[in-house]
Amino acid sequence: MQPLRNELRRAAIALLIMLVAAAGAWAMTPRHKLVDLRGKVDVEKAIPKQFAGWQLDTRSFGGIVNPQQQETLDRLYSQLLARAYINSRGERVMLTIAYGEDQRDGMLLHYPEVCYPAQGFQVDSNTKSELLLPAGRIPVRKLETNLQSQRFEPVTYWTIIGERASVGGIDKKLVEMHYSLQGQIPDGLLFRVSSIDRDSQAAFALQAAFIKDLVAALSPRDRQLLTGL
């Protein structure tokens with residue numbers, strides 16, 4: 001009888017462990033969309049068409065560089081904005097914002113360092129940096145890209161996961177874990193600025209000036225949702 005009791009005891013312990021694990025997994029599974037609790041940004045309305053000497057450039061178009069089909073874009077993103085702006089000196093900047101309400105696996109934002117090569121671009125450099133604005137600091141990535149050594153397109157971008165700015169990698173995973181522990185499904189936004197210029201440093205300086213002017217023109221709520229500031 002003793003061996004039978006030992007066997008039953010081990011089985012009961014194993015069952016208890018499985019039940020605890022299942023309960024833990026259930027408790028850790030995010031169920032509530034953050035956007036339903038906090039509200040979402042209306043990208044089209046949030047971004048002014050004219051501000052601080054910048055205005056829409058109707059002769060140029062900064063489309064989203066993404067290898068996916070339209071149905072995939074529609075599944076990943078609930079809002080897409082692509083505009084080109086020009087200032088009084090004739091300098092042009094392209095702005096792309098992609099927003100998705102659900103940042104679980106399979107629904108994640110597509111990063112420029114992946115999308116650009118899929119369109120035939122070469123990424124010559126990919127560095128972490130930050131933009132210092134009056135409202136605070138935004139962590140960003142800066143890419144130097146070129147298409148067959150004919151179109152040189154430096155890129156500055158950042159992402160917002162939930163209410164926190166991120167530049168991908170382990171930082172993004174930590175932000176996602178933060179929301180998962182609270183049972184929340186974060187939304188996500190990719191904010192990308194680029195310009196066509198062989199001189200990358202001049203391009204990055206122009207992009208920084210454009211971002212500074214744009215962020216200053218946003219309402220406090222939209223500024224927080226779009227930049228994390």
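**Salt bridges in the predicted model**

At a relative accessibility of 36%, R92 counts as partly exposed, a class lying between buried (under 20% relative accessible area) and exposed (over 50%), as computed with a 1.4 Å probe on protein chains only. The structure is a predicted model, in which local features need pLDDT of at least 70 and side-chain atom pairs count only at pLDDT 80 or more, while totals for chains, interfaces and linings use all residues. Residues are numbered from 1 along each chain as its sequence is written, and side-chain values use heavy atoms, with hydrogens and water left out.

The side chain of R92 meets that of D57 in a salt bridge, at 2.6 Å from N to O, a salt bridge being a side-chain nitrogen of Lys or Arg within 4 Å of a carboxyl oxygen of Asp or Glu. Because R92 belongs to strand β5 (residues 92–100) and D57 to the loop between β3 (54–56) and α4 (70–76), the pair ties together parts that are 35 residues apart in sequence; helices (H or I, at least four residues) and strands (E, at least two) are DSSP runs, numbered from the N terminus. D57 is buried, at a relative accessible area of 6%.

A search of the whole structure finds 5 salt bridges. Among them is the pair of R83 and E44, whose closest N and O atoms are 3.0 Å apart. This pair links distant parts of the chain, R83 in strand β4 (residues 79–86) and E44 in helix α3 (residues 43–46), 39 residues apart. R83 is buried, with a relative accessible area of 6%, whereas E44 is partly exposed at 43%.

A salt bridge also joins the side chains of R137 and E130, at 2.5 Å from N to O, and E130 is partly exposed, with a relative accessible area of 42%.
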